[in-house]
Amino acid sequence: HVRSRRQRQMCIRDSLYPAWARVVADAQGRDHDHDSLERMRRSLRLDRARAAIADNTPVGGLGILPREVTVPGARTEIVGGLACAAVAPTHRRQGIFAQLVRETFAEMFGEERESLVVLNSAQSRIYTHFGFGMAMQTASLQAELPALEFRTDVRPGTGHVSLVDADDAARILPKVHGRARRINVGWVERDATTWRRFLEDAAIPTPGLTSMRYAIHWDAEGMAQGYALYRFQVRMDQSGRETTTLFVPEGVTAHRNAYAQLWNFLVHLDAASDIRARCALDEPLQFMVADPDKLDWTIRDALAVRLVDVARALSSRTYSAPVDVVLQVTDHLCPWNNTRFRVQADEHQAVCSTSRDEPALELSVADLGAVYLGGTSLVSLALAGRVRAHNQLALQQASIAFRGFREPSCPSNGDWPWY
């Protein structure tokens with residue numbers, strides 16, 4: 001209790017950064033050397049990072065990285081990527097992190113900054129307590145490569161695939177990703193600084209894995225329409241035989257031909273016997289192979305969303321169908337959200353404002369976060385007992401309106417919000 005009275009919060013100064021970053025690393029079970037400290041510093045905005053100070057020493061931290069994300073309706077929205085969430089082990093259970101979150105959210109709302117915050121599932125202990133709803137899941141594919149043979153009626157498409165070195169990848173990948181992310185809900189913009197970190201991290205040797213390979217799909221006009229990153233792992237199995245696994249951490253395509261061609265290229269890499277890949281929850285590959293039952297999928301949580309300003313957040317996206325619904329929202333952390341909102345929207349525009357009308361649905365701000373990107377449905381949450389519907393027709397209409405044309409996804413996954 002004595003320590004708690006001495007604590008204060010402040011934004012990070014350059015002189016405080018090394019000590020603050022080491023507290024964050026230690027709390028997250030990591031080490032930082034000079035190079036990693038510099039890499040993180042280049043990605044951070046210190047004016048958006050906060051420190052909890054006790055006895056003139058950092059004992060906790062929280063950072064917001066503004067990132068542009070595609071939201072339903074092919075619109076983009078600046079969101080706050082939550083990073084560097086940590087409290088020193090000597091100062092846990094004192095409410096330090098809760099105070100950091102409250103002050104960060106209050107500042108965002110009061111200064112009309114980002115209307116929502118996003119974090120990755122590695123910080124899931126956070127989202128369950130502070131109004132985050134799991135808005136996106138990801139699928140990990142594991143299969144023997146022969147199991148990925150295409151159906152006879154699937155055509156690989158036109159164009160060709162070639163390998164490029166890291167320098168050419170640095171020039172080509174951002175252009176392809178920039179086109180693809182504008183049509184995929186949940187994808188995040190990568191600026192020059194972000195791409196630099198991404199490619200630096202990709203080049204770091206990983207024990208047991210080869211260096212990163214960069215496969216590019218080119219269309220008939222010579223334009224890059226997709227890419228796949230992959231590595232090999234060579235190991236001995238239980239019988240002493242050498243086996244090779246193909247790891248595909250990221251695949252990005254801006255055209256159907258590129259998607260089919262790149263997967264056809266990966267499937268026929270003779271060096272490997274099996275594959276492990278990061279995929280979307282509704283990955284088209286599962287509908288292209290001859291025997292989908294031989295594919296093993298592991299579903300995991302990916303990104304959680306927290307609406308800091310409900311009215312602005314629900315007005316910034318569009319909806320799959322016309323909807324006019326009054327929501328009673330519960331938010332014990334942000335009192336300005338703890339009220340009724342009326343959402344009037346269609347495929348072209350949306351308006352959300354406070355209302356005195358009787359609500360059709362009662363739900364928490366975490367439930368709104370879960371449905372915001374169009375993945376989780378309001379009907380599913382109602383069946384789970386999390387959404388209370390006073391009008392079943394309104395529930396069905398709102399559920400259809402909030403849903404997207406595809407499941408949201410993000411190649412970054414656990415690397416959010418760094419890239």
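Select helix H4, residues 96–110, in this predicted model. At 1.5 Å a residue, its 15 residues should span 21 Å. The end C-alpha atoms are 21 Å apart, so expectation and model agree.

Stay on H4 and show side chains. Which residues of H4 are buried? They are Ile96, Phe97, Ala98, Leu100, Val101, Thr104, Phe105 and Met108.

**The loops on either side of H4**

Step back to Arg93. This residue lies in the loop between strand E4 (75–87) and H4. Arg93 is not a glycine, yet its phi is positive, about 65°. Is Arg93 buried or exposed? Its relative accessible area is 75%, and the cut-off for exposed is over 50%, so Arg93 counts as exposed.

Now go to the other end of the helix.

**Strand E1 and Cys11**

Select Cys11. You will find it in strand E1, residues 8–11.

What does Cys11 touch, leaving out residues up to four places away in sequence? Its contacts are Leu46, Asp47 and Ala49. Arg50 is 39 residues from Cys11 in sequence, but the two C-alpha atoms are 4.5 Å apart.

**The cis peptide bond**

Jump to Trp416 and Pro417. The peptide bond joining them is cis, with omega about 0°. Pro417 sits in the segment after helix H12 (392–402).

**The whole chain**

Zoom out and colour by secondary structure. The protein chain has twelve helices and 17 strands. Its C-alpha trace spans about 60 × 55 × 45 Å along the principal axes. For 419 residues, a compact globule would have a radius of gyration near 22 Å; this chain has 23 Å, which agrees.

Switch to the surface. The accessible surface is about 19500 Å², and carbon and sulfur atoms supply 48% of that area. Of the 419 residues, 51% count as buried.

Finish by colouring charges. There are 49 positive and 49 negative charges in the protein chain. Their mean positions are 5 Å apart.

Methods: Residues are numbered from 1 along each chain as its sequence is written. This is a predicted model: local features need pLDDT of at least 70, side-chain atom pairs count only at pLDDT 80 or more; totals for chains, interfaces and linings use all residues. Side-chain values use heavy atoms; hydrogens and water are left out. Helices (H or I, at least four residues) and strands (E, at least two) are DSSP runs, numbered from the N terminus. The radius of gyration is taken over C-alpha atoms; the globule rule is 2.2 Å times the number of residues to the power 0.38. Buried means under 20% relative accessible area, exposed over 50%, partly exposed in between (1.4 Å probe, protein chains only). Accessible areas come from the Shrake-Rupley method with a 1.4 Å probe; for residues, only the protein chains shown count as cover. Lys and Arg count as positive and Asp and Glu as negative; His and the chain ends are not counted. The place of a charge is taken as NZ of Lys, CZ of Arg, CG of Asp or CD of Glu. The expected span of a helix is 1.5 Å times one less than its number of residues. Contact means heavy atoms within 4.5 Å.
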